[in-house]
Amino acid sequence: MHLAWIYLLVAGLLEIGFTTAIRYTDGFTRLLPVVIFTLCLALSLYCFERATREIPLGTAYAIWAGIGAAGTAILGVVAYHEPLTAARVFFIITLIGSIAGLKLVSHS
């Protein structure tokens with residue numbers, strides 16, 4: 001796998017980290033969750049920027065946001081017992097398929 005794609009994957013995984021950490025910040029009043037949120041956010045944006053040096057911005061952004069959205073939705077079901085409906089499963093699968101499709105058609 002090309003290094004830019006690895007950066008993009010890491011950026012998406014870190015997005016899951018900062019979206020999860022934000023729920024524990026209690027309005028940004030709890031230091032450890034705020035630090036985790038800030039580190040994940042900064043590292044995610046750094047990796048995203050590195051990825052966009054070789055991957056077209058629109059493709060990179062859609063994949064970055066898609067990894068974060070799908071990952072956070074899956075984490076919500078697994079870790080926070082959010083409802084798992086047929087429609088939710090369908091759209092998460094569609095989102096993952098779209099991410100894979102964008103990777104396949106990218107020319108970077």
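R53 is exposed, at a relative accessible area of 55%; exposed here means over 50%, buried under 20%, and partly exposed in between, with a 1.4 Å probe and protein chains only. This is a predicted model, in which local features need pLDDT of at least 70 and side-chain atom pairs count only at pLDDT 80 or more, while totals for chains, interfaces and linings use all residues. Residues are numbered from 1 along each chain as its sequence is written, and side-chain values use heavy atoms, with hydrogens and water left out.

R53 forms a salt bridge with E49, and their closest N and O atoms are 3.1 Å apart. A salt bridge is taken as a side-chain nitrogen of Lys or Arg within 4 Å of a carboxyl oxygen of Asp or Glu. E49 itself is partly exposed, at 35% relative accessibility. The count by this rule is 2 salt bridges. E82 and R88 also meet in a salt bridge, at 3.0 Å from N to O. E82 is partly exposed at 29%, and R88 is partly exposed at 24%.

E15 is found in helix α1, residues 3–22; helices are DSSP runs of H or I with at least four residues, numbered from the N terminus. Beyond its neighbours within four places in sequence, E15 is in contact, meaning heavy atoms within 4.5 Å, with S44, W64, A65 and G68.

I turn now to the aromatic rings. The whole structure holds 8 aromatic pairs, where rings of Phe, Tyr and Trp (its six-membered ring) pair if their centres lie within 6.5 Å, and planes under 30 degrees apart count as stacked, over 60 as edge-to-face and the rest as tilted. One of them is F48 with Y61, edge-to-face at 6.4 Å centre to centre and 80° between the planes. Because F48 lies in helix α2 (residues 31–51) and Y61 in helix α3 (residues 57–80), this pair ties together parts that are 13 residues apart in sequence. F48 is buried at 12%, whereas Y61 is partly exposed at 47%. F90 and F91 also pair edge-to-face, at 4.9 Å and 75°, and both are exposed.

Finally, the charged end of R23 sits over the ring of Y80, 3.8 Å from its centre; this requires NZ of Lys or CZ of Arg within 6 Å of the ring centre and within 35 degrees of the ring normal. R23 also lies over the face of Y24, at 5.9 Å from the ring centre.

Terms used:
Helix = DSSP H or I, 4+ residues; strand = E, 2+ residues; numbered from the N terminus.
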